Number of protein chains: 4
Amino acid sequence: MNRKLRMGMVGGGRGAFIGGVHRMAANLDGKIELVAGCFSSDPEKSRLSGEDFYLDPSRVYTSYEEMAQKEAALPADQRIDFVSIVVRNNLHVPVATAFLNAGINVICDKPLAFSLAEAKGFVDVVKKSGKVFALTHNYTGYPMVKEARAIVKSGKLGKLLKIVAEYPQGYAASAFKDAADGAISNWRMDPNTSGVSNCIGDIGTHAENLARYITGLEIVELAAELTTFIPGRHLDDDGNILVRYENGVKGIIYASQVSSGDENNLNIRVYGTEGSIEWHQEHPNELVVKWLDKPRETWRRGNTYNGPEAGGVTRLPFGHPEAFIEAFANVYLAASEAIRDEIQGKFPRPEGYDFPTVDDGVAGMAFIEAAVASSKNNAAWTKPGA
Amino acid sequence: MNRKLRMGMVGGGRGAFIGGVHRMAANLDGKIELVAGCFSSDPEKSRLSGEDFYLDPSRVYTSYEEMAQKEAALPADQRIDFVSIVVRNNLHVPVATAFLNAGINVICDKPLAFSLAEAKGFVDVVKKSGKVFALTHNYTGYPMVKEARAIVKSGKLGKLLKIVAEYPQGYAASAFKDAADGAISNWRMDPNTSGVSNCIGDIGTHAENLARYITGLEIVELAAELTTFIPGRHLDDDGNILVRYENGVKGIIYASQVSSGDENNLNIRVYGTEGSIEWHQEHPNELVVKWLDKPRETWRRGNTYNGPEAGGVTRLPFGHPEAFIEAFANVYLAASEAIRDEIQGKFPRPEGYDFPTVDDGVAGMAFIEAAVASSKNNAAWTKPGA
Amino acid sequence: MNRKLRMGMVGGGRGAFIGGVHRMAANLDGKIELVAGCFSSDPEKSRLSGEDFYLDPSRVYTSYEEMAQKEAALPADQRIDFVSIVVRNNLHVPVATAFLNAGINVICDKPLAFSLAEAKGFVDVVKKSGKVFALTHNYTGYPMVKEARAIVKSGKLGKLLKIVAEYPQGYAASAFKDAADGAISNWRMDPNTSGVSNCIGDIGTHAENLARYITGLEIVELAAELTTFIPGRHLDDDGNILVRYENGVKGIIYASQVSSGDENNLNIRVYGTEGSIEWHQEHPNELVVKWLDKPRETWRRGNTYNGPEAGGVTRLPFGHPEAFIEAFANVYLAASEAIRDEIQGKFPRPEGYDFPTVDDGVAGMAFIEAAVASSKNNAAWTKPGA
Amino acid sequence: MNRKLRMGMVGGGRGAFIGGVHRMAANLDGKIELVAGCFSSDPEKSRLSGEDFYLDPSRVYTSYEEMAQKEAALPADQRIDFVSIVVRNNLHVPVATAFLNAGINVICDKPLAFSLAEAKGFVDVVKKSGKVFALTHNYTGYPMVKEARAIVKSGKLGKLLKIVAEYPQGYAASAFKDAADGAISNWRMDPNTSGVSNCIGDIGTHAENLARYITGLEIVELAAELTTFIPGRHLDDDGNILVRYENGVKGIIYASQVSSGDENNLNIRVYGTEGSIEWHQEHPNELVVKWLDKPRETWRRGNTYNGPEAGGVTRLPFGHPEAFIEAFANVYLAASEAIRDEIQGKFPRPEGYDFPTVDDGVAGMAFIEAAVASSKNNAAWTKPGA
């Protein structure tokens, strides 16, 4: 398939953060080109954003429904191969549905949906469409996260015992001084756009997904203590969760937006009977592997001792750091493989792909809603999805 | 008072770990000298230990009751000024009681007692004795822990929101391969000597005490999930705890002896509305202070910008690291001041002392028993001491 | 100028490392598109590389002279706006000259030339051309390097005293076991393609350039001890250099390709009378600022306290790490501004640009040759460019 | 030998730094007791210091000659077994000579002497005395330094290629603002007390000794650039040195007292053909071992994988950090073994001891004088001791 994939985007106009990340991730490897978009529900803002990206004005839309319809109607050698969805949580499923139903593959930001019920209903939409749906739980794109997963799978750590996944941020703490501050994503505080949770829905779900990706373990039940520290807010800005995974594995997941001075301090530790691993998102090229009776090891990206899982998604030699955008681009690369297969009638491959799916999204929504339900019930043990 | 303090020791014979630490802590500053001891209930072991320390054989005992009695009967210029107690948990209170009742000051290892009930009963013993009783929650002796406490007290961090205190160790995980391994303190696994808990009683209590020392906050209630991972054991080797502190502060305390590859990875993070601190026991000379909108700071021991709390317990210039023994010795120094006061009839000073007391010990026992009770009750919220 | 810049490339075919980096750097921001290339002197390899990048076969060339000529002959709305040169050192100047003479802007990999004499001669070529010439001393593209430069310029560190810049790598040490190994860039070992130096020419020059960029200081003289440790090689694989900068500032520059186990361990420390900074390429989002009598600070990319120099070249919020490719892309962004100016007849801007120029390249060549000359003269003090 | 060693001290009165370190090092293990001293040439200061240490006033002297004479005249069961010398450099040899000639063993601070000539003459004094002479190059006492030495000796790193040893401090930079500041050891600036060098003599010699201890390599020649940055001073406060070791090994040694914001940033890296090690004094419990093609390792003190060299001088389990005083105490322990042997007529043991000797001291003085001579000769290559 000797051409770049053609990409559209919904959301991500001027001033938005995550849209730019998706575009850079798509651009990086020179295998995707942005050709259409509905960047904002504000027509002028959408138009200006289209200019920023040098788009043909006729491919810049002001409604996602119109975009899905008109793009689908374009000749096969012009229309977008997939759309990236970077809108508010409450629009993820409606927008994705519109494009899937129009026969267009989808890459969508997380969390999957506004609610678990909506997410569950959406699974069928994806399945019926026969199209690719990828969810950007981007931290799973880091090479050393894939290395961590491979090490766990290899059994080198022995039987797993415990997982500690944490994601403290501090950006919202500025709202203690000035309510207008800390409002990087102020729609996230609004139950009408964000759903039942702010902090757990935005970043707790990343910690949960990372643990799930690395260990493959499902949560059996959890006991959550969510807190709204910032006065006047309706959704959580902090949460601490006890977790019981399958196979008797115990865990802690916690997340915060008011951990003053922390940035994106996503960290995970996985302990087994014979060894353990830890990975820190802010220093992503290193994976610490600890043993009972051998020197502690630091596995570094780009080395010959890396397994194929990490090696296959590495762009630079060791010591030249890769980071957030490259990891994000790995999700795009993996989804692109599926999309190219889909275009060529070969989707899905029997051996599968390495990107987060709608099922991961449903598990994420089940986690979020279980955490909220548990917290409302004084941290009672709650089964996700029940 | 122009002489060294005379110290006795109960426990700590050949092969014991913590007894040696107490002796090094006592020796370090040249202000205390070991002159008597009952190092083991095994007379030969006690005798040999006495030889190791070059003691007069007449001051080496085989029963602590005998030691308390005979030392008390010695002339004032010979008898010990205090005893250090480094025996199993179940003997802490009986031994301490014997010496206090004999009019001898006591420095005792933690946890305070075999049970909360015993601990509570012991408070009166201490008070009636009029003697000094110090508990070696030694991590509070680190200069940068004192700096952390001073920073919290200063209000620079704003209103406190959250505390995360963790103490993962991995030494016991070797027992998964060989039940005889990982048995550094095998009496700790035995409910008859250790009490209701192993992991929380041994190290969880350090994490709890550290949080309490730095923030001054009491635990209102907790929800605990303790686990016994090692087959055949009766007490916990891992525990994860949600905490509600006074003033709406939320927290996590966790501890583990099966976190393979971790050593003594005691860490604490305290978050306020304007900033946060973090301290890592394995790199104790640094205190990280994080702000909302200023560069992250690393406060290092021995600098002129350190407050008097840290500066007053510092022995070396900056950059020459101090560590565990020096921190332990700071507890001895602080207790020594009280003991010297006591000898000179000036105990207690109105302004108090900076060492852990019997009240800290009771709080610790209440924490341990609440954690065990909560865990038995499926992590139900439980009030310590209730 | 409402379109992407059109880029050509000379070198960088399949299997080459640095060509891919240049392409990713160009792609990242969606403002440049690769449309032509001469990727290899091997026609088949060049053709296949063109396919990899989905190029029009008519724009894939097998000789750079042909490419320069034919591209220049294309209509203004088709021909490349600039060429990226990623060939061996001995071809940098000939290729760049061909394109500049054809009226095409140039971005060129470092070192500038095969020799200082060639470099000096090339300055006139650039000046006469009136075109943009940018040299990819890419480490200067890191935001926190720009922050470091701004801090030095601000005078906060006081009068500068000392600079320590080091760049140890270990990749070539595998050649001790197997001469064929460690040959990532085997043309670098060959004096006919690499010039008078391997290690200093390849990476020592990065350390030198970084020091120059951050401090603005020129080297007055240096004393160098270069070594060829790997048997059978003709050029240096290690070098240690004493440096005397302007204003009495003293320095050390060292580089190595045989520092087993080091990756791209480029580090710099700059000391002034009132404070100092240190930056580590492998953890590029942090800049450590140390003071005489205040807590050590870690300035982190993406914060509001960053100056405009760092803030202006930042793509992600704090805590989401940026790395090597993003820094490289910053050189492309800065050069792109100049190229867009050039296209629009506004080059050069009076206020200048922030990318390495031909003058930096000449200084680099002077440094390399002085180091080699000094070393041949038993580390005698040698003035660069003299 | 069933008693504590009796120790005397010359120097180290109130206000002195290093004297206190020697006393803590001696106290730590409870095997040495301070019984006599000449703490100051100021009689009142010496007397008060004696009171601080609870000494018998008859054993507190005001002249070292008197002390040597009177102590030697005491009965064998009272007189000191050894003296610790912590005076200014110019007095090291005279004081040590007085005690050795009086038949008393000596532990002496570094550098060995005021000059190389004096040091060379002193070697005979030591040899003729038949007594123990130990020099406190204390950094060699760190367990992980001994582990480093064992790893080098094992050949695991392959053939050695390069050594980088650095010791930047910043304390003296305060003198740029106020000449009276930065004067921790103001006699060190005075050629009459310090000798020909301040910075290299005080700390450069530690870096040199550390390299020598770990690798066993002697310096063949060096090229040094020493600088006096602080106005009004006569001796160096900074120095950068190129080194040629035996066997073709190349090196850099540098030291500084004006590296603003650095504390005691002594670091060493040793590179071989197959791997390398690095050790940082400010985090002394870790030794980083890097390999060509295996994950980087962190060897940590107190583990079963440590060799007997590190294991034998370790007091605490892993994860409970040891630091500066413990390392210093290891020198005292090693010297104590020799002193106990000497008392029992068994000195020297055929297998030797692990403490720095007079020969290390001579090598150190040769290094210092060669550095000064080279620097005066515009960094000409200079052979130590020639």
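Here are some friendly notes on the predicted model above, taken point by point.

1. **Ground rules.** Since this is a predicted model, local features need pLDDT of at least 70 and side-chain atom pairs count only at pLDDT 80 or more, while totals for chains, interfaces and linings use all residues. Residues are numbered from 1 along each chain as its sequence is written, chains are lettered from A, and side-chain values use heavy atoms, with hydrogens and water left out.

2. **The A–B interface.** Here 49 residues of chain A are in contact with 49 residues of chain B (contact means heavy atoms within 4.5 Å). About 3,700 Å² is buried between the two chains, and carbon and sulfur atoms give 52% of that; buried area is the accessible area (1.4 Å probe) that two parts lose on being put together, summed over both.

3. You will find 10 salt bridges between chain A and chain B, where a salt bridge is a side-chain nitrogen of Lys or Arg within 4 Å of a carboxyl oxygen of Asp or Glu. One to look at is B:K290 with A:D262, whose closest N and O atoms are 2.4 Å apart. On the side of chain A that touches chain B, the residues divide into 19 nonpolar, 17 polar and 13 charged; Ala, Val, Leu, Ile, Met, Phe, Trp, Tyr, Cys and Pro count as nonpolar, Asp, Glu, Lys and Arg as charged, and the others, Gly among them, as polar.

4. **B:K290 again, within its own chain.** B:K290 also forms a salt bridge with B:E278, with the closest N and O atoms 2.5 Å apart. B:E278 lies in strand β11 (residues 275–280) and B:K290 in strand β12 (residues 286–291) of chain B, so the pair ties together parts that are 12 residues apart in sequence. Strands (E, at least two residues) are DSSP runs, numbered from the N terminus.

5. **The chain B sheet.** Five strands of chain B make an open sheet in the order β2-β1-β3-β4-β5, with parallel pairing; two strands pair if DSSP finds at least two bridges between them. At the edges stand β2 (32–38) and β5 (133–135) of chain B, each with a single partner strand, so one side of each has no neighbour in the sheet. Six bridges join β1 (residues 5–11) of chain B to β2(B), and B:L5 stands opposite B:I32.

6. **The chain D sheet.** Chain D has an open sheet of five strands in the order β2-β1-β3-β4-β5, again with parallel pairing. Four bridges link β3 (residues 82–86) of chain D to β4 (residues 105–108) of chain D, and D:F82 has D:N105 as its bridge partner in β4(D).
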